[in-house]
Amino acid sequence: MERKPITTSTIRQMKVEGRPSTMITAYDYAMARNVDEAGIDMILVGDSVGNVMLGYSSTIPVTMDAMIHHTQAVVRGTKYALVVGDMPFMSYQASEAEGLMNAGRFLKEGGCAAIKLEGGSEVCPLVKKMVTAGIPVMGHIGLTPQSVNQFGGFKVQGKDVAAAQKLVDDAKALEAAGAFSIVLECVPAALAAKVSEMISIPTIGIGAGNGCDGQVLVCNDLLGVSNGFTPKFVKKYRDLHQEIVGAVSEYISDVRDRSFPAPEHTFKIDDEVLEKLY
């Protein structure tokens, strides 16, 4: 069956058909090519690039220019997956006009097909304006990393009645504003499943159980690229950290004992050319 590029309509139709959608957070051309070839539905160019690729302790320092830079790279490596650009901290909170312009930059300069932004009912007027302007929007509620200082850390959200009801209300508000899907992060599984049933647009879970309409993980986490802290909701499908460290250790050893480069890795020159050198 011929593979066709994924669109926001594809993602919405998958919910109708009961087919879970898959999303991976990636940040560069090489990884985009790999996950696109594997058949991923969506690639999120997340502001988690700050933690994962740039070494920051949070997503807060990430700029629009950095996000555009990484989005361009991912788009260049993608043929089929729907690429979503993540609106970084303070790229839309100051004013709706600035938020609309920055969202437009993702499509015009970054080349992606949609944007994601954090927040519930408070961002819905902006979401509606973005959608009206032709910019597909993915919502993000529950644990929103840009608000980690306000939350007092990375904590599960929606555990009491008031917080759970707010999550439901925010999901319905984002749906009404025109969002094509919503990320639910660090939400109790039963609550995430209930929210998923109550709205017609797909939910994408991360630490929110398998009752969501799709799932997202950061590529470096599921591949085990580093040996640092791993969130509870991450499943490591490979341990590339050990593979990488082992491979580089072998390279170091080969160079030091002069077994690399071997003859098959080198280029030849005629002896008579060398003989004429002085």
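Lys-129 counts as partly exposed, at 42% relative accessibility (buried means under 20% relative accessible area, exposed over 50%, partly exposed in between, with a 1.4 Å probe and protein chains only). Lys-129 forms a salt bridge with Glu-96 (a side-chain nitrogen of Lys or Arg within 4 Å of a carboxyl oxygen of Asp or Glu). The closest N and O atoms of this pair are 2.7 Å apart. The pair links distant parts of the chain, with Glu-96 in helix 5 and Lys-129 in helix 6, 33 residues apart. Helices (H or I, at least four residues) and strands (E, at least two) are DSSP runs, numbered from the N terminus. Glu-96 is partly exposed, at 30%.

The model is predicted: local features need pLDDT of at least 70, side-chain atom pairs count only at pLDDT 80 or more, and totals for chains, interfaces and linings use all residues. Residues are numbered from 1 along each chain as its sequence is written, and side-chain values use heavy atoms, with hydrogens and water left out.

The protein chain contains twelve helices and eight strands. Its C-alpha trace spans about 85 × 45 × 35 Å along the principal axes. Of its 278 residues, 45% count as buried.

The structure holds eight salt bridges. One of them joins Lys-116 to Asp-86, with the closest N and O atoms 3.0 Å apart. Lys-116 lies in strand 4 and Asp-86 in strand 3, so the pair ties together parts that are 30 residues apart in sequence. Lys-116 is buried, with a relative accessible area of 2%. Asp-86 is buried, at 2% relative accessibility. Another salt bridge pairs Arg-19 with Glu-17, at 2.8 Å between the closest N and O atoms. Here Arg-19 is partly exposed, at 42%, and Glu-17 is partly exposed, at 47%.

The surface carries patches of two kinds. Patches are made of residues with over 30% relative accessible area and no salt bridge; like charges are joined within 9 Å, and nonpolar side chains (Val, Leu, Ile, Met, Phe, Trp, Tyr) within 5 Å. Asp-270, Asp-271, Glu-272 and Glu-275 gather in a patch of negative charge. Asp-270 sits in the loop between helix 11 and helix 12. This residue counts as exposed, at 52% relative accessibility. A nonpolar patch includes Ile-244, Val-248 and Phe-260 among its members. Phe-260 is placed in the loop between helix 11 and helix 12, and is partly exposed at 32%.

How values were computed
Areas by Shrake-Rupley, 256 points an atom, 1.4 Å probe, with all protein chains shown as cover. Lys, Arg positive; Asp, Glu negative; His and termini not counted. Charge placed at Lys NZ, Arg CZ, Asp CG, Glu CD.
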